[in-house]
Amino acid sequence: MTYSDRDWNTIYEDRSVFPAIEHPSMVTLNTGTPQRNIVMGRKKSNGNIAWIKVNSDPVFDAVSGKIESVISTFDDITEIRKIRTDLHMNEGHYSDMVEAVEDYAIIRIDCNGIIQNWNKGAERIKGYKQKEIVGKDFRKFYREQDVLAGVPDRLLREATVNGKVTDEGWRVRKDGTLFWAVIVISAIKNKNGEITGYTKVTRDITERKNAEEKIQYQEKMFRSLVEGLPDATVIVDDKGIIRIVGDQCESFFGYPKDEMVGKPVEMLIPDDIASKHKHERKRYMNDPQRRFMNMGGELAALKKNGEIIPVEISLAPLQTSEGVMVITSLRNITDRLRNEKIIREAKDLLGLFVKHAPAAVAMFDEKMHYIMASDQWYQDYELSGMEIIGKSHYDVFPEIKEMTSWVSCHQRCLQGASEKNEKDLLQRKDGGWNWLQWEIHPWKKDDGSIGGIVMFTQIITERIEAEEKLKQLNERLVNSNKELEQFAYVASHDLQEPLRMVSSFLRLLEKKYRNSLDETAIQYIDFAVDGAERMKGLISDLLKFSRLNSKTLTKELVDCRVLVDSVSHLYAQQIKEYGVRIHAGPLPAIYANKTQIQQLFQNLIGNAIKYRGSAEPDIDIGCDEANGYWEFYVKDNGIGIDERYFEKIFVIFEQLHGKNEYEGTGIGLAVCRKIVELHGGKIWVESEKGKGSTFYFTILK
Ligand code: ADP
């Protein structure tokens, strides 16, 4: 086999010409030595190169021992070569890449942890240059306490066993500062599966860790803030799941926190509004804003024990990395609703009270707009059928707007003054005038500021007119009384003299002609004398009565005890005759008209003797001190008085008995009453027929 170099067209791997003489088969033939794995490139006509691996072996003649022939094998290794070249190139790139990576420290260590290889990232993160660190122990990067605790060895052990280990922790830089590292150590094995060393990839996540810690801190702060809020606060995610609950929620809902977190928020909502709430929640998520929850009705929360409480709910969106959540604050408004109800009821009650108040009452706000008015107000001011509530007083009564005195009075009251007038004139719509009594007071709001005014008015025209009439009548009465008193005085005074004459002539007649007159004539004369005597008594009593008036009332200190004693003297004869016992307790000295008080006792004691019963008369006289006056009593055990006559007996000329039964004029108690009244007191009787009477009278101190 011969080749010419020209035809040959073969190259070495370094692209130099492969001379034909160098062909392995030729070499073996010429030298007798086998040729191994010689690679030749044969250029093809299309410019590609086919690579061939050649092995040549000599074949010796068994007799001569000379080379007889050569056996060569040719393997086309073009494909394999291509793959290997690519692989080689990739390996180059890979190590270049590792070299160049800056974010990761990628190093190789041997089985003992001695550093073999160092990249840019390692230099950046750990601060060592390649030449100063290769050959050193990787335990250098661990803190002393971690080395003592065996952390690096444990990691190598785990990588050995599991092929790989990851860890996170503090590592030390060249300058001694610490950084937070995430590491992966992978075991490197040879083709026999024996571990020849480890790769260690380290990432400095100090910043991330700080940021995470910051977030965690902020989250913790936020949680503790939410948890400590005074209202029951629940944070719900966009799926309606409870994520965070405040401390107040435990007592608010009756669940421990961990029974709420992670559950649908509907667990805290009564069944009847839960579905509506779900809908509202979704609606809110479409436009999350800070606002109060409004579901067109009262909101309620459901407690663990089934109790339902009315609540007010405020919502605020919260942007989180997990999406929008809702901060829901709940406030128990049971008390508020109760208070509102009380206020509403009080207001209704006030409205009712004002409406039906028997007076004309109107309540205004600070702008003088009607808030409420009583029926009487409508009636008095002819407003029936009109709607005045909410309207201005000055629109309802345009004429008042022109009256500066009223307007300024309203203004003063709106500033806090209270004003009133007992008798004021107000023109009516028909042009006539009304007498008006009015009061205006400011009313105050909760905060103490003036909310408006209240007007009370009373049309007193009728009363004033009636008073006027009464006054005139009284004057007339006083005048006619005066005339009457005058008449009574004159009559009794003037009658006394002729009466005295009549009775003395009658006596003379009786004396002188007794013997010449018959029985009947004498009896007639006796009757006439008796009549004249009684008339005398009557006239004298009448005179006493008519003299009793305030003009004659001169007062002095009067010892009642002394008076009673002197009256007892006056009746000495009768006392003796009928065995009367007069018992007088301690009696005060009073400031009064002495003659009148003596007359008073005289009449009462006289009556007590006169109207005695069958038993011996017992008369008890006493006095009690009351607030501002003395209260006297004269008590007897006589015939008593029927209750029907308790009033009547104090009227002049009223007697309960016939003339023949008891002597008297029927003026005595009328005199007593007048005396007592002149002393600012009252007189009355308590009695029971047959059981005696007690006359009480009071005298102003
Ligand atoms: P008279 O002059 O008739 O006593 P009075 O005005 O003193 O008039 O009394 C009016 C009437 O009251 C008497 O007529 C008598 O019926 C009754 N009366 C007065 N005092 C007593 C008394 N102490 N007990 C019973 N009846 C009395």
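Mentor: Methionine 221 counts as partly exposed, because its relative accessibility of 46% falls between the limits of 20% for buried and 50% for exposed. Please keep in mind throughout that this is a predicted model. Methionine 221 belongs to helix α8, which covers residues 206–228. If you look from methionine 221 to glutamate 312, you pass over 91 residues in sequence, and the two C-alpha atoms are 26 Å apart in space.

When residues up to four places away in sequence are set aside, arginine 124 touches Glu102 and Asp103. Tryptophan 51, by contrast, is 73 residues from arginine 124 in sequence and 45 Å from it in space, counted from C-alpha to C-alpha.

Let us turn next to the backbone. Glutamate 382 is not a glycine, and yet its phi is positive, at about 50°. You will find glutamate 382 in the loop that joins α13 (375–380) to α14 (393–396), where its relative accessibility of 47% makes it partly exposed. Asparagine 37, which is likewise a residue other than glycine, has a positive phi near 45°, but its place is in a strand, namely β2, residues 35–43. At 44% relative accessibility asparagine 37 counts as partly exposed.

Asparagine 55 is itself in a strand, β3, which runs through residues 49–60, and it is buried, because its relative accessible area of 13% is under the limit of 20%. Once neighbours within four places in sequence are left out, the contacts of asparagine 55 are Gln35, Arg36, Asn37, Ile71, Ser72 and Thr73.

Serine 693 gives a second example of a buried residue. With a relative accessibility of 4% it counts as buried, and its place is in strand β27. The side chain of serine 693 makes a polar contact of 3.1 Å with the side chain of serine 687. Serine 687 is also among the residues that serine 693 touches when those up to four places away in sequence are not counted, and this list includes Val634, Lys635 and Asp636, together with Gly640 and Ile641.

Strand β27 brings us to the ligand. This strand, residues 693–700, supplies at least two residues of the shell around the ligand, as do α21 (594–610) and α22 (668–678). The largest share of that shell comes from α21, which gives 3 residues. In total 21 residues surround the ligand, and the closest are Asn607, Tyr611, Gln655, Thr665 and Leu669.

Tyrosine 611 uses its side chain, with a polar atom 2.8 Å from an oxygen atom of the ligand. Threonine 665 instead presents a polar backbone atom, 2.9 Å from an oxygen atom of the ligand. Leucine 669 likewise takes part through its backbone, where an N or O atom lies 2.8 Å from an oxygen atom of the ligand. The ligand taken alone would expose 530 Å², and the protein buries 98% of that area. The space that the ligand takes up is the largest pocket.

How values were computed
Residues numbered from 1 in each chain as written. Predicted model: local features only at pLDDT ≥ 70, side-chain atom pairs only at ≥ 80, totals over all residues. Heavy atoms only, no water. Helix = DSSP H or I, 4+ residues; strand = E, 2+ residues; numbered from the N terminus. Buried < 20%, exposed > 50% of the residue type's maximum accessible area, 1.4 Å probe, protein only. Contact = heavy atoms within 4.5 Å. Near = heavy atom within 4 Å. Polar contact = N/O pair within 3.5 Å; in protein donor to acceptor, adjacent residues only side chain to side chain. Areas by Shrake-Rupley, 256 points an atom, 1.4 Å probe, with all protein chains shown as cover. 1 Å grid on protein atoms, 1.4 Å probe; cavity = no way out; pocket = protein on both sides within 12 Å on 5 of 7 lines; lining within 4 Å. Sits in = over half its atoms within 2 Å of the grid points.
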